[in-house]
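This briefing covers a predicted model.

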Amino acid sequence: MTSFRMLNVTIFSLLLFCLMTGVHPQELAKVPEIKGYELHCIEASGITESSAKKLRNGDDIANPDQSIKCYVQCFFSKLRLMNEKGVVQKDKVISFMTLLMPEDQAKKLADKCDLRRTNPCDTAYAMYDCYRQNKAKLVL
C-alpha cells in the first residue's frame, strides 16, 4: 500500500474512531493510532502480513484460516464494531456505514450482514466478507 493511501486510511480510521466513540478530534493525541491497532491485531492473531494486506485491499481470500478471521475480530473490537465478547454492535456498524452511504441503505446492509457464527472470529469474518461482497469497505 502506498504511503499516501495508508495516510488516507489512517486519517479516515481516526475520524471514524472519533465519531464512534464520541472523542473530540483534538483529543486524538490521547487515543492510540489505528496503525497501532493493526500492529496489535497482527501480533495477537498471528496473521501473515500478506494476508493483512489482502484484507486492507479488499481482496478475496479463499479459505481464510483462523488467524485471518481473528485479525478481523481484533480490529473490529478495537473499532468497537464488536464488544469484548464478540457480539456485533449493530448501532455502531450503522453509524459507520452512514459515512459511506445513506442511512436507509446502511440499515439494510447492516441487517443483511448481521451474521452469527459459532465464535467471535468466525462472526467477524462473516460480517466483513458480507460487507466486502456488497462493496462496502470496512476499514482494515
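**Nonpolar core**
- The largest nonpolar core comprises 32 residues.
- Leu55, Tyr71, Val72, Phe76, Val93, Met97 and Tyr131 have the most contacts inside this core.
- At least two core residues come from each of helices H2 (34-45), H3 (49-57), H4 (66-78), H5 (90-97), H6 (103-112) and H7 (120-133).
- In soluble globular proteins, nonpolar side chains tend to be buried together.

**Helix H7**
- H7 has 14 residues, which at 1.5 Å a residue should span 20 Å; the end C-alpha atoms are 20 Å apart, so the two values agree.
- Of the 14 residues in H7, 12 are buried, among them Asp122, Asp129 and Arg132.
- The buried residues of H7 pack against H3, H4, H5 and H6.
- At the start of H7, a side-chain oxygen of Asn119 comes to within 3.0 Å of the backbone nitrogen of Cys121.

**Aromatic pairs**
- Two aromatic pairs are found in a search of the whole structure.
- The ring centres of Tyr71 and Phe75 are 6.1 Å apart with planes at 40 degrees, so this pair is tilted.
- Tyr71 and Phe75 lie four residues apart in helix H4, about one helical turn, and both are buried.
- The ring centres of Tyr125 and Tyr128 are 5.7 Å apart with planes at 50 degrees, so this pair is tilted.
- Tyr125 and Tyr128 lie three residues apart in helix H7, about one helical turn, and both are buried.
- An α-helix has 3.6 residues a turn, so residues three or four places apart point the same way.

Note on methods
Residues are numbered from 1 along each chain as its sequence is written. This is a predicted model: local features need pLDDT of at least 70, side-chain atom pairs count only at pLDDT 80 or more; totals for chains, interfaces and linings use all residues. Side-chain values use heavy atoms; hydrogens and water are left out. A nonpolar core is a set of buried Ala, Val, Leu, Ile, Met, Phe, Trp, Tyr and Cys residues joined through side-chain atoms within 4.5 Å. Buried means under 20% relative accessible area, exposed over 50%, partly exposed in between (1.4 Å probe, protein chains only). The expected span of a helix is 1.5 Å times one less than its number of residues. Contact means heavy atoms within 4.5 Å. A polar contact is a pair of N or O atoms within 3.5 Å; within protein, one must be able to donate a hydrogen and the other to accept it, and residues adjacent in sequence count only if both atoms are side-chain atoms. Rings of Phe, Tyr and Trp (its six-membered ring) pair if their centres lie within 6.5 Å; planes under 30 degrees apart count as stacked, over 60 as edge-to-face and the rest as tilted.
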